[in-house]
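User: Hi! Could you walk me through this structure?

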Number of protein chains: 2
Amino acid sequence: MNRLEMPATSGASAAHAARLRIRSGEWAHHTSGLADHHVQGNLVILPKALADDFLLFCQRNPKPCPLLAVGEPGNPRLPSLGADLDIRSDVPRYRVWRQGEVVDEPTDISAIWQSDFVSFVLGCSFSFEQALMECGLALRHVQEGKNVAMYRTNVQTAPAGPFGGQMVVSMRPMTPQAAIRAVQITSRFPSVHGAPIHIGHPEQIGIHDLAQPDYGDAVDVLPDELPVFWACGVTPQSALLQAKPDLCITHSPGCMLVTDLLNHQLAAF
Amino acid sequence: MNRLEMPATSGASAAHAARLRIRSGEWAHHTSGLADHHVQGNLVILPKALADDFLLFCQRNPKPCPLLAVGEPGNPRLPSLGADLDIRSDVPRYRVWRQGEVVDEPTDISAIWQSDFVSFVLGCSFSFEQALMECGLALRHVQEGKNVAMYRTNVQTAPAGPFGGQMVVSMRPMTPQAAIRAVQITSRFPSVHGAPIHIGHPEQIGIHDLAQPDYGDAVDVLPDELPVFWACGVTPQSALLQAKPDLCITHSPGCMLVTDLLNHQLAAF
């Protein structure tokens, strides 16, 4: 059996079990810790008229917008992420946006599904954080039970159609030795943000106070540490807010798509 | 033809041509720039009685002491580095050490070769520097025509027999983005020192003034840069000086062994 195909066709996986609970409506909460060896993804659904520009935006900005899968217009299936996956029901909670405003947070979008909807699933930092922790690197925000600190930068994304704006980054403080190791580890995972985009001089990317993140929670950077910055999945969300499409559906924060892919399968080498 | 074997068996390589000139005595100078796509190595020759401890020292400290080849006692051939290579004549200039003092700097050691001599060839930073420059990263010491800045650290090597002491590192200033790329590039080359051992907090490894290197030449570290530190091949030389063997032969500084291996062949992935 092809190793890459195995989890996606295995009906017995922890991810599949989690998805069944989510699909039935039994689980409508955060997915953190759910099927934790499996890849979780950020969801963006756009009408076809905007989807081509969004696809181009992701292509031009692969570090903040790493695509795991893109669906066919109107087709709610994403078989590369799960044989039975149905994007209309398999996310615990959705956000429905109209002109940049959240108008609903349903647990199922079957009733509003359109024949021109294109689904985008983007990699998220949960996967590389698991790889870092498996290699013995402690993550302060995890230890302290916080959300990771995120910052708007002065780094411009490469625009496409109405999508553009500044890159958002997440920051994890590390000793120099851990930072070097973290570059090695996360370089193996280009489909979940890959290597850091910056180390050590936050002012160079427009961050002037690490104690005041734009999203998430602040954590201390100790005197013997360096702040290490990764491109963040909030970047495409920020681009969506700026573009204000007539209609757009995303996951609700923390309520991710649990896929059958294993985190280890994403390793590029 | 096996790609790995090709250069070592090709009599037409630039490295082979360089070695013939060296062997004949025509070239008794620095090898910098000679056959510059080929791996150059540091040389240590020890009597068998000490060679086992030195081999163990290298095994325990692979970042400063990456072994490219070890010869059989009394055998001057190192066929994995060059089919016709003769370690008695193929280095432009040698240093003969007795009790830690240089007693001679000949261009050929055939006359003093012993049946118990074991040759060690260690990888050197020339190879990873070439990889960095091929990827578009500028190296300040190269631009300024200087030797790289090197520093004794407070990092202890793992001792073996009489060999031990502190790790010596080389330092290259880089922007944060270049430093991240440099970690990726040099991680591919474990046999020529591999990834950096430190970034950004020199005082943590016992370096208190970057302007005063212990070996080589100082270069500026600009305000938007980070100092990036790699384990350095001066470490085993320093361990030899400390051990003061009755007899030892090394290359003369800058006069390296030119091997038939291509730098690119050393890439681990």
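User: How many residues of chain B are in contact with chain A?

Analyst: 17 residues of chain B are in contact with 17 residues of chain A, where contact has C-beta atoms, placed from the backbone, within 7 Å. This is a predicted model, in which local features need pLDDT of at least 70, side-chain atom pairs count only at pLDDT 80 or more, and totals for chains, interfaces and linings use all residues. Residues are numbered from 1 along each chain as its sequence is written, and chains are lettered from A and ligands numbered from 1 in the order in which they are written.

User: Which element gives the most to that side of chain B?

Analyst: α6(B) does, with 7 residues. Helices (H or I, at least four residues) and strands (E, at least two) are DSSP runs, numbered from the N terminus.

User: Switching topic: where is G71(A)?

Analyst: G71(A) sits in the loop between β2 (67-70) and β3 (94-98) of chain A.

User: Why does G71(A) count as buried?

Analyst: Because G71(A) has 21 C-beta neighbours inside 10 Å. A residue is buried if 20 or more other C-beta atoms, placed from the backbone, lie within 10 Å of its own, exposed if 12 or fewer, and partly exposed in between.

User: And what does G71(A) touch?

Analyst: Leaving out residues up to four places away in sequence, G71(A) touches R77(A), L78(A), I87(A), V118(A) and S119(A).

User: What about β11(A), buried or exposed?

Analyst: Strand β11 (residues 257-262) of chain A is mostly covered, with 6 of its 6 residues buried.

Key
Two residues are in contact if their C-beta atoms, placed from the backbone, lie within 7 Å.
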